[in-house]
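Please look over the sequence and the three-dimensional structure shown below. The paragraphs that follow lead through selected parts of the fold, one after another.

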Amino acid sequence: MDGLERYSRQILFQKIGEAGQRRLLNSRVAIVGAGALGTVIANHLVRAGVGYIRLIDRDVVERSNLQRQMLFDEVDAQLQLPKAIAAQNRLKKINSSVTVDAVVADVNLDNAEIYLTDVDSIVDGTDNFMIRYLINDVAIKFDIPWVHGAAVSSRGMFAVFKPGHTPCYRCLFPQVPQGTGETCDTVGVLSPLTDIIGSFQALETMKLLVGLPAETTQNLEQIEIWDLSFLQMDMSQGKNPHCPACVHRQFDFLERSSEQQIVFTTLCGRNTVQVNPRRKHELDLKKAAEKLRRSGRVSGNEFLLRFSPEQDISIVVFRDARVLIHGINDVVKAKSLYAKYIGG
Ligand SMILES: [Zn+2]
């Protein structure tokens with residue numbers, strides 16, 4: 001078992017065995033989001049020996065993440081590290097023999113086909129409906145199975161979507177939910193819940209990777225952990241014969257019809273607006289810091305700058321020119337702050 005000793009307890013489990021372990025080592029997975037679910041998923045898959053993991057996240061570690069985001073500590077929050085980078089640092093110490101590729105970016109229609117298509121499986125660690133529909137489109141278009149998970153308050157769910165074998169996410173949820181809904185930032189979330197859902201997602205991903213598709217769940221599994229109840233919804237009859245995505249292969253969420261060059265998005269329940277220029281360019285953070293220092297206090301690291309032009313507002317500028325404006329929900333105000341301090 002050349003170099004496989006570290007996986008011995010997993011190899012002893014017969015449904016994985018040495019053949020399954022070699023499959024894991026040769027597998028590639030993209031995890032979208034390195035928050036509460038993403039850190040749990042990445043932790044398991046890296047320890048299990050998945051050979052290549054691309055971990056994509058758009059955010060920065062904050063103290064309020066530490067209650068549940070298992071790969072981070074107080075130093076990561078103090079250093080204001082991007083979550084993808086902080087997670088990568090920790091994961092390399094856990095298993096240096098696999099590749100963890102950290103990507104500090106917002107997954108959107110401009111880059112989804114770059115980040116999500118050269119992998120065997122995609123895992124959803126997001127808290128965002130739009131990205132799930134986008135993942136669903138990419139998964140169907142490129143025939144890649146994906147594992148959905150969601151957790152808020154004490155309720156969570158997960159499901160495996162396998163193009164050609166199961167209904168798709170859009171079959172089950174034909175309408176993008178409107179309004180803000182409940183999020184971790186409005187009704188909270190329990191750490192055991194995200195640990196449980198993320199663990200199930202990691203497990204279902206491992207089943208897909210070792211090539212036991214018949215054993216992956218065919219259910220949408222729902223769990224309420226405070227009152228302890230489980231609900232299984234059989235998905236097998238859930239295919240919508242008119243589904244635009246998996247039946248008509250019409251990928252609305254990958255449609256590049258928008259002419260907008262800069263996309264402003266309110267991050268729901270977060271009191272944050274993201275500003276994302278569609279034409280990517282690398283920012284010189286040193287030069288940007290010099291300019292911003294004239295109007296307020298600037299801190300940061302090699303990945304980002306944090307700048308506070310007014311009380312209760314902080315602007316985080318990433319190297320790819322993407323900006324998070326914390327402390328506001330108002331896109332109009334975000335536009336004026338962006339124009340004033342960051343510019344075109
Ligand atoms: Zn469908």
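In which sense do β7 and strand β8 pair, and over how many bridges? The two strands pair in the antiparallel sense, over six bridges. The model is predicted, so local features are described only at pLDDT of at least 70 and side-chain atom pairs only at pLDDT 80 or more, while totals for chains, interfaces and linings use all residues. Residues are numbered from 1 along each chain as its sequence is written, and side-chain values use heavy atoms, with hydrogens and water left out. Helices (H or I, at least four residues) and strands (E, at least two residues) are DSSP runs numbered from the N terminus, and two strands are said to pair if DSSP finds at least two bridges between them.

Strand β7 covers residues 219–224, and strand β8 covers residues 229–234. Within this pair, Leu 220 stands opposite Met 233 of β8. The hairpin of β7 and β8 has four residues between the strands, and in this hairpin Leu 228 takes a positive phi near 55°. Strand β7 is mostly covered, with five of its six residues buried; here, buried means under 20% relative accessible area, exposed means over 50%, and partly exposed lies in between (1.4 Å probe, protein chains only). Strand β6 (residues 155–161) is also joined to β7, by four bridges, and these two strands run antiparallel. Gly 156 stands opposite Ile 223 in β7.

An open sheet of eight strands has the order β3-β2-β1-β4-β5-β6-β7-β8, with mixed pairing. Because β3 (99–104) and β8 stand at the edges, each with a single partner strand, one side of each is left without a neighbour in the sheet. The twist averages 15° from one strand to the next; angles run from 0 to 180 degrees between N-to-C directions, and axes are lines fitted to C-alpha atoms, for helices over the stretch in contact.

Two further pairs illustrate the mixed pairing of the sheet. Seven bridges join β5 to β6, and these strands run antiparallel; Met 157 in β6 is the bridge partner of Ala 150. By contrast, β1 and β2 run parallel and are joined by five bridges, with Arg 28 opposite Tyr 52 in β2. Strand β2 is mostly covered, as six of its six residues are buried. Which residues cover the two faces of β2? Tyr 52, Arg 54 and Ile 56 lie on one side, Ile 53, Leu 55 and Asp 57 lie on the other, and all are buried.

Helices lie across the sheet strands. Helix α3 lies across β1 (28–32), β2 (52–57), β3, β4 (121–124) and β5, and runs at about 165° to β1. Helix α7 lies across β1, β4 and β5, running at about 170° to β5.

Helix α3 (residues 36–48) also packs with helix α10 (residues 191–209), at an angle of about 40° and with their axes 8 Å apart. That angle makes α3 oblique to α10, since angles under 35 degrees count as roughly parallel, over 145 as roughly antiparallel, 65 to 115 as roughly perpendicular and the rest as oblique. The contact (heavy atoms within 4.5 Å) includes Val 40, Ile 41 and His 44 of α3, and Ile 197, Gly 198 and Ala 202 of α10. The residues of this contact divide into nine nonpolar, six polar and one charged. In this division, Ala, Val, Leu, Ile, Met, Phe, Trp, Tyr, Cys and Pro count as nonpolar, Asp, Glu, Lys and Arg as charged, and the others, Gly among them, as polar.

Some single residues also deserve attention. Ala 334 lies in helix α12 (residues 331–342) and counts as buried because its relative accessibility is 0%. Leaving aside neighbours within four places in sequence, Ala 334 is in contact with Phe 264, Val 273, Ile 325 and Ile 328.

Asp 143 lies in the loop between α7 (129–141) and β5 (146–152). Its phi is near 55°, a positive value in a residue other than glycine. Is Asp 143 buried or exposed? Asp 143 is exposed, because its relative accessible area is 55%. Arg 249, in the loop between β8 and β9 (262–267), likewise has a positive phi, of about 50°, although it is not a glycine. With 45% relative accessibility, Arg 249 counts as partly exposed.
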